[in-house]
Amino acid sequence: MSIASFTGAWKLLSSEMRTSSGEVQYPLGKDCAGRLVVDSDGNFSAQLMRRDRPKFASDDVVRGTDDEIRAAYQGYVSFWSQMEVDEAKKEITYVVEGSLFPNWLGHRNLRYYQFDDNRLTLKTPTFLMAEQEITGVLIWERI
């Protein structure tokens, strides 16, 4: 699959963390939302969020309480980059150019991909978190 296969807009259907013991966790909730937009040069942006983030009582973007700001931040993921596709390995790689989470800047990421009709599944390599092996799995549907 070339970059052309990824080009377009995608909506997030699910975002899961699967442990080696078979447990499934939903860091953004079971009813998460998101968009992935990819252009013909491989530039992309991704935004994911919890749908149940509480609104700010003040209705003012710069006057949230510490708890409101924390909940808004922890319930939202946003970044942009440019992807490279390895068709033989069914892998994409990208270096984060901009992100809500500053520690991701410059970080190189690998994802395994699979297409099924109008759906795209992206999986992370297995990693350790809290002494458990975890794989992230995101399922997107073409809009």
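In this predicted model, Asp117 takes a positive phi near 55° in the hairpin of S8 and S9. That hairpin has 2 residues between its strands. S8 covers residues 108–116 and S9 covers residues 119–123. The two strands run antiparallel and are joined by 5 bridges. Among the paired residues, Phe115 has Leu120 of S9 as its bridge partner.

S9 also pairs with S11, residues 132–142. Here too the strands run antiparallel, with 5 bridges between them. Arg119 stands opposite Glu141 of S11.

Now follow S8 to another neighbour. S6 and S8 run antiparallel and share 5 bridges. Val95 stands opposite Arg108 of S8 in this pairing. S6 also pairs with S5, again antiparallel, through 4 bridges. Val85 stands opposite Ile92 of S6. The hairpin of S5 and S6 has 4 residues between the strands, and Lys90 takes a positive phi near 55° there. How much of S6 is buried? The count is 4 of its 5 residues, so the strand is largely enclosed by the rest of the structure.

Next comes the interior. In soluble globular proteins, nonpolar side chains tend to be buried together. The largest nonpolar core in this model has 21 residues. Phe6, Leu36, Phe44, Leu48, Tyr113, Leu120 and Trp140 have the most contacts inside it. The elements that give two or more residues to this core are S1, S3, S4, S5, S6, S8, S9 and S11. S4 supplies the largest share, 3 residues.

Aromatic rings come next. The whole structure holds 9 aromatic pairs. One of them is Phe79 with Trp104. Their ring centres are 5.8 Å apart and their planes stand at 90°, so the pair is edge-to-face. Phe79 belongs to S5, while Trp104 sits in the loop between S7 and S8, so the contact ties together parts that are 25 residues apart in sequence. Is each of these two buried or exposed? Phe79 counts as buried, at 10% relative accessibility. Trp104 counts as partly exposed, at 34%. Tyr113 and Phe115 form another edge-to-face pair, with centres 5.7 Å apart and planes at 65°. Both of these residues are buried. Ring pairs also link Phe44, Phe79, Tyr94, Phe101 and Trp104 into a cluster.

Phe79 and Trp104 lead on to the largest pocket. They are among the residues nearest its centre, together with Met17, Val77 and Arg111. The pocket holds about 910 Å³ of space. In total, 39 residues line it. Which strand gives the most to this lining? S5 does, with 5 residues. By class, the lining has 28 nonpolar, 9 polar and 2 charged residues.

One last stop is a loop. Gly22 lies between S1 and S2. At 54% relative accessibility, Gly22 counts as exposed, because the cut-off for that class is over 50%. Gly22 and Gly136 are 114 residues apart along the chain. Their C-alpha atoms are separated by 13 Å.

Conventions: Residues numbered from 1 in each chain as written. Predicted model: local features only at pLDDT ≥ 70, side-chain atom pairs only at ≥ 80, totals over all residues. Heavy atoms only, no water. Pairing = 2+ DSSP bridges. Core = buried A, V, L, I, M, F, W, Y, C linked by side-chain atoms within 4.5 Å. Buried < 20%, exposed > 50% of the residue type's maximum accessible area, 1.4 Å probe, protein only. 1 Å grid on protein atoms, 1.4 Å probe; cavity = no way out; pocket = protein on both sides within 12 Å on 5 of 7 lines; lining within 4 Å. Points joined across faces, edges and corners; volume = space filled by probe spheres on them. Nonpolar A, V, L, I, M, F, W, Y, C, P; charged D, E, K, R; others polar. Phe/Tyr/Trp six-rings, centres within 6.5 Å; stacked < 30°, edge-to-face > 60°.
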